[in-house]
Amino acid sequence: MTAQDRLWQMDTFRRNANGELAEILGSSLVKHDRAQRVLQFRRTAERIYANLPAEDRARLDDYARGVNLFIAQHHDTLPPEFKLLLYRPRPWSGVDSVSIGLMLVQSLDTHWT
């Protein structure tokens, strides 16, 4: 259900967390992407995911399977942003969900700067 209603937001959040926004939105975001890559959210998310209890990983994997099923079944009717920018979202993974969690912590932390 989340992918049905929020796939574009999910993909941009994933790209924001991992420093991949410039790939789809242009060179004005290269500085932002570099900063995000220095923080290594993706790498941290991979370590967190790998060390989660099996039942927690299974929940994240089940969620990812649902997202990927939606993408596969609706490849011709994805949100218009994907058509406008001429790309398709990559398959979702449990690590992607953890990356977004890390990004949300970053955005909510008032001491970040």
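Keep in mind that the model is predicted.

**Helix 4 and its two sides**

Let's start with helix 4, which spans residues 41-50 and has Phe 41, Ala 45 and Tyr 49 as its buried residues. These three cover an arc of only 70 degrees around the axis, so they sit on the same side of helix 4. Turn to the other side of the helix and you will find Arg 43 and Ala 50, which are exposed. What do the buried residues of helix 4 pack against? Their partners are listed here.

| Helix packed against by the buried residues of helix 4 | Residues |
|---|---|
| helix 1 | 2-18 |
| helix 3 | 30-39 |
| helix 5 | 54-73 |
| helix 7 | 94-108 |

**Where helix 5 meets helix 7**

Two packed helices are described by the angle between their axes and the distance between the axes. For helix 5 and helix 7, the angle is about 105 degrees and the axes are 7 Å apart. Angles of 65 to 115 degrees count as roughly perpendicular, and helix 5 and helix 7 are therefore roughly perpendicular to each other. Helix 5 brings Leu 60, Asp 61, Tyr 63 and Ala 64 to the contact, while helix 7 brings Gly 94, Ser 97 and Val 98. Of the residues in this contact, 4 are nonpolar, 2 polar and 1 charged.

**A glutamine in helix 3**

Finally, look for Gln 36 in helix 3. Is Gln 36 buried or exposed? Its relative accessibility is 4%, so Gln 36 counts as buried. The side chains of Gln 36 and Gln 106 are joined by a polar contact of 3.0 Å. Beyond its neighbours up to four places away in sequence, Gln 36 touches several residues, including Asn 16, Gly 19 and Phe 41. Phe 41 is also one of the buried residues of helix 4.

Notes
Residues are numbered from 1 along each chain as its sequence is written. This is a predicted model: local features need pLDDT of at least 70, side-chain atom pairs count only at pLDDT 80 or more; totals for chains, interfaces and linings use all residues. Side-chain values use heavy atoms; hydrogens and water are left out. Buried means under 20% relative accessible area, exposed over 50%, partly exposed in between (1.4 Å probe, protein chains only). Helices (H or I, at least four residues) and strands (E, at least two) are DSSP runs, numbered from the N terminus. The arc is that of the directions from the helix axis to the C-beta atoms. Contact means heavy atoms within 4.5 Å. Axes are lines fitted to C-alpha atoms, for helices over the stretch in contact, and angles run from 0 to 180 degrees between N-to-C directions. Angles under 35 degrees count as roughly parallel, over 145 as roughly antiparallel, 65 to 115 as roughly perpendicular and the rest as oblique. Ala, Val, Leu, Ile, Met, Phe, Trp, Tyr, Cys and Pro count as nonpolar, Asp, Glu, Lys and Arg as charged, and the others, Gly among them, as polar. A polar contact is a pair of N or O atoms within 3.5 Å; within protein, one must be able to donate a hydrogen and the other to accept it, and residues adjacent in sequence count only if both atoms are side-chain atoms.
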